[in-house]
Protein chains: 2
Amino acid sequence: MKEKLSIVKIGGNVIGDPTQLTDLLQLFSQIQGHKILVHGGGKKATELNKKLGIETKMTNGRRITDSDSLDVAIMVYGGLVNKKMVAQLQGFGVNAIGMSGADGDAIKAHKRPVKEVDFGWVGDVEGVNSENVLKLLKSGFTPIFCALTHDGKGQLFNTNADTIAAEIAIGMSDDFDTTLFYCFEKKGVLQDITNADSVIQHIDSKNYQTLLNEGIIADGMLPKMHNCFHALQNHVKQVCIGDQTMLQEGSTNFTTLTL
Amino acid sequence: MKEKLSIVKIGGNVIGDPTQLTDLLQLFSQIQGHKILVHGGGKKATELNKKLGIETKMTNGRRITDSDSLDVAIMVYGGLVNKKMVAQLQGFGVNAIGMSGADGDAIKAHKRPVKEVDFGWVGDVEGVNSENVLKLLKSGFTPIFCALTHDGKGQLFNTNADTIAAEIAIGMSDDFDTTLFYCFEKKGVLQDITNADSVIQHIDSKNYQTLLNEGIIADGMLPKMHNCFHALQNHVKQVCIGDQTMLQEGSTNFTTLTL
C-alpha cells in the first residue's frame with residue numbers, strides 16, 4: 001500500500017492575516033504523514049509593487065508579469081512569505097524547507113505562448129521532478145512551495161499557485177496516495193452562493209456536469225474546479241475544498257471531490 | 001578517508017554585477033565533489049531599503065537591523081538573490097537548492113545580546129544542523145545559503161555571510177574534508193595593500209602573528225582572518241582567500257590558510 005501524502009494549498013487571504021496564518025500553520029503542522037504546502041503571495045506582492053511605483057499591467061483584464069513584477073514576485077513569494085512561513089513551521093516542529101520550482105529543479109515550466117495576450121514572465125508547468133521531491137520527503141523534510149517555476153535554463157516564472165498544487169499532487173501520485181486540499185475563505189463549494197453554510201459535501205464527475213449546467217459552479221470557481229478534475233483525472237486520489245478548519249482531524253464540513 | 005566538501009562564500013561586489021556573477025556561478029558549477037555556496041545581498045538590500053524609504057539605522061558606525069530592514073533582507077537575500085542564483089545554477093547543471101538558516105533547521109542562532117549597542121534582528125550563530133545538511137548533500141542537492149538564520153521558534157535573523165560560511169564549514173567537518181573559499185575583489189591577502197599582485201601565498205598560525213604585529217593584516221581583513229582561524233581551529237582543513245579565479249582548476253594565485 002502506498003503511503004499518504006497531503007498537499008495543502010493555502011489561500012491568498014490567509015497570507016495577509018497573521019492570526020489566521022498562524023492558526024493555519026498550526027493545523028498544517030498537526031497533519032499526520034508526509035505533507036507539502038503551496039502558497040502564493042496574497043496581496044503582499046501588489047502592496048510591494050505599489051510601494052515601488054511599479055504599475056500592475058493588465059491586458060483584457062489579465063495581469064501581465066513584466067521583469068519588475070517578476071522581481072517583486074520572487075522577493076515576496078520566494079523570500080518574505082516563504083521564509084517567514086518556514087521559520088514559523090520550524091517553531092511548530094515541522095522540518096520545513098522552502099522551495100521555488102527552481103530549487104531541486106522541482107517544477108519545470110515554459111513561458112506561456114503568446115496568443116491574444118503576452119502574459120510576460122508567466123510559466124505554464126511542464127512537470128514536477130517527483131524524484132527530487134521524493135528525496136526531500138523521504139529525508140524527513142516538508143517542502144513549502146511558493147508560486148514560482150523555472151525553465152531549467154536560468155529563467156524564473158510566475159505561476160498560479162492552484163496550478164502548482166495540482167501539478168505537484170499529480171507528479172507525486174505514482175509514489176503516494178495523494179489528497180489535495182484547497183483552502184480558501186469559504187467552507188466549500190456552495191449550493192447557494194448567498195448561504196455560506198450550503199456546502200456541497202461531495203462532487204464527482206456525474207453531478208459536476210449538472211452543477212455546471214445549473215450555473216451553480218461559475219465564475220472564479222470554474223478554474224479551481226478545472227484544476228481539481230485535472231488532478232483527479234491524473235491519479236490524485238481526492239481533492240478537498242474548504243476553509244482551513246477542514247485540516248482539523250475529524251472535520252467533515254467541506255467539499256470532497258472524486259472522479 | 002572522508003569525502004571532500006568545498007564551501008564557497010561569494011563577495012557582495014559580485015552580486016551586483018551580472019557578468020561577474022555568471023562567471024563565478026559557472027566556475028562554481030565546475031567544482032568537483034560536494035559543494036555549498038554562501039552569499040549575502042551585496043548592495044541590493046541597501047538599494048531596496050532606499051527605494052522603500054527605509055532609513056539605514058546606524059549606531060557607533062554599526063548597522064542596526066530593525067523589523068523593516070529584516071523584511072528587506074529576507075526579500076533580497078532569501079528571495080531575489082538566492083532564487084535567481086538557484087535558477088542560474090540549475091541552468092549550469094547544478095542541482096541547487098536555496099536555503100536560509102530556517103530551511104531544514106539548518107542554522108540556529110539567537111538575537112545578539114544587547115551590550116553597548118542593540119543590533120536589532122541580528123543573530124549570533126549557535127550551530128549548524130549538519131545532519132540535515134548532510135541529507136541534502138547525500139541526496140545530490142547543492143545547498144545555496146543566504147545570510148539568514150533562525151531561532152527555531154519562528155524568528156529569522158540577519159547574520160553575517162562570512163560567519164555563516166565559517167560555521168557551515170565547521171559544522172560539516174566531522175563528515176567531510178572541508179575547504180572554505182572566501183571570494184572577494186582582491187587576489188588574496190596582500191603583503192602591500194597598494195600592490196594588487198603582492199599576494200601572500202600561505203598564512204599559518206606562526207606568520208599570522210607576525211603579519212598582525214607588522215600591521216599588514218588590518219582593518220576589514222581582521223574580522224575575515226578571525227573567521228578563518230576560528231574555522232581552522234575547529235577542524236576545517238584549509239581556508240582560501242582570493243578572487244573568483246581561485247575556483248578554477250589549477251589556479252594557485254591566492255592565499256591559503258592552515259593552522
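The largest cavity holds about 100 Å³ of space. Keep in mind that this is a predicted model. How many cavities of 30 Å³ or more does the structure hold? One.

How do we look for such space? Rolling a probe the size of a water molecule over the atoms shows where empty space is left.

The largest cavity is lined by Ala45(B), Asn49(B), Thr56(B), Lys57(B), Arg63(B), Ile64(B), Thr65(B), Ser69(B), Ala73(B), Tyr77(B) and Asn158(B). Three elements of chain B give two or more residues to that lining: helix H3 (44-51), strand S4 and helix H4 (67-91). Which of them gives the largest share? H4(B) does, with three residues. By class, the lining of the largest cavity has four nonpolar, five polar and two charged residues.

Several elements of chain B supply at least two lining residues each. They are helix H1 (12-15), strand S4 (62-64), strand S7 (123-128), helix H6 (161-172) and helix H8 (221-232). H8(B) brings the largest share of the lining, five residues. What about the classes in the lining of the second largest pocket? Eleven residues are nonpolar, 18 are polar and ten are charged.

Over to chain A, and to a pair of helices. Two packed helices are described by the angle between their axes and the distance between the axes. Here the pair is helix H6 (residues 161-172) of chain A and helix H8 (residues 221-232) of chain A. Their axes come within 9 Å and cross at roughly 10 degrees. Angles under 35 degrees count as roughly parallel, so H6(A) is roughly parallel to H8(A).

Which residues make the contact? From H6(A), Asp162(A), Thr163(A), Ala166(A), Glu167(A) and Ile170(A) take part. From H8(A), Lys224(A), Asn227(A), His230(A) and Ala231(A) do. Sorted by class, the residues of this contact are three nonpolar, three polar and three charged.

Last, the record. An unreviewed UniProt entry annotates residues 5-242 of chain A as "domain: Aspartate/glutamate/uridylate kinase". In the model, residues 5-242 of chain A are 38% helix and 24% strand. The end C-alpha atoms of that span lie 18 Å apart.

How values were computed: Residues numbered from 1 in each chain as written. Chains lettered and ligands numbered in written order. Predicted model: local features only at pLDDT ≥ 70, side-chain atom pairs only at ≥ 80, totals over all residues. Heavy atoms only, no water. Helix = DSSP H or I, 4+ residues; strand = E, 2+ residues; numbered from the N terminus. Nonpolar A, V, L, I, M, F, W, Y, C, P; charged D, E, K, R; others polar. Axes fitted to C-alpha atoms, helices over the stretch in contact; angles between N-to-C directions. Parallel < 35°, antiparallel > 145°, perpendicular 65-115°, else oblique. Contact = heavy atoms within 4.5 Å. UniProt positions renumbered as here; feature names shortened; annotations may be inferred. 1 Å grid on protein atoms, 1.4 Å probe; cavity = no way out; pocket = protein on both sides within 12 Å on 5 of 7 lines; lining within 4 Å. Points joined across faces, edges and corners; volume = space filled by probe spheres on them.
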